[in-house]
Amino acid sequence: MIGRFVVLEGGDGCGKSTQVGLLGDRLRGHGFGVVETREPGGTTLGDAIRALLLDGDSVAPVAEALLMAADRAQHVGEMVRPALESGAWVVADRYVPSSLVYQGLVRGLGIDEVERVNAWATGGLEPDLVVVLDVDDVVAEGRRAPQADRMEREGDGFHAEVRAAYRRLAAERGWRVVDGTGAVDVVSDAVFAVVAPLLGASGATDV
């Protein structure tokens with residue numbers, strides 16, 4: 001049995017990390033094996049790449065895109081694909097959609113170019129579902145950690161562009177958009193309601 005691959009996306013401060021954990025817990029409650037992971041990171045090599053990407057002060061856009069793709073290649077090969085093949089669900093904090101938004105659109109490298117590199121890096125592995133947490137810019141700013149990383153330190157204009165890019169690509173690609181501004185448990189219920197149809201034969205409909 002092949003598992004399911006669900007990706008949570010959105011701008012910095014949208015609450016992805018929290019919702020990944022809550023979704024994982026709910027899926028386990030329905031009897032599924034679950035692997036929770038994140039990008040960049042999730043592997044030893046990925047953690048080193050994450051430091052290069054987020055801890056520094058300047059990374060050229062093309063270098064940023066290639067480092068993300070390298071992290072993703074390791075991530076898929078070491079964690080995601082083996083987990084899926086074992087029958088587990090994988091719930092990921094970011095995947096290829098992040099690169100399409102951040103590097104493809106906001107950094108201006110082009111959707112086609114970024115998608116081509118990532119298709120090669122991942123062996124064409126596509127998620128079963130992409131859920132975008134959409135959060136008002138002011139709310140997201142208030143949620144971002146005081147010890148901001150390089151991406152979080154980008155200006156308000158950058159983060160507004162990211163939000164707009166997610167909305168655009170969600171409409172074009174069928175990603176599901178969930179309002180992430182509410183209380184944590186309300187957002188968790190909304191996310192699970194979107195994921196529940198994937199449970200299929202399990203009959204798990206408690207949303």
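This is a predicted model: local features need pLDDT of at least 70, side-chain atom pairs count only at pLDDT 80 or more; totals for chains, interfaces and linings use all residues.
Me: In what order do the elements of the chain run?
Reply: From the N terminus on, the order is β-α-β-α-α-β-α-α-β-α-α-β-α.

Me: Why is strand S3 called largely enclosed by the rest of the structure?
Reply: A residue is buried when its relative accessible area is under 20%. Five of the five residues of S3, residues 89-93, are buried, so the strand is largely enclosed.

Me: Which way do the residues of S3 point?
Reply: Trp89, Val91 and Asp93 point one way, Val90 and Ala92 the other way, and all are buried. In a regular strand, side chains alternate between the two faces of the sheet.

Me: How do you know that S1 and S3 pair?
Reply: Pairing needs at least two bridges between the strands. Four bridges join S1 (residues 5-9) to S3, so by that definition they pair, and they run parallel. Within S3, Ala92 is the bridge partner of Val7.

Me: What joins S2 to S3?
Reply: Five bridges join S2 (residues 34-38) to S3, and these strands run parallel. Val34 has Trp89 as its bridge partner in S3.

Me: What share of the residues in the chain is buried?
Reply: Buried residues make up 49% of the 207 residues.

Methods
Residues are numbered from 1 along each chain as its sequence is written. Side-chain values use heavy atoms; hydrogens and water are left out. Buried means under 20% relative accessible area, exposed over 50%, partly exposed in between (1.4 Å probe, protein chains only). Helices (H or I, at least four residues) and strands (E, at least two) are DSSP runs, numbered from the N terminus.
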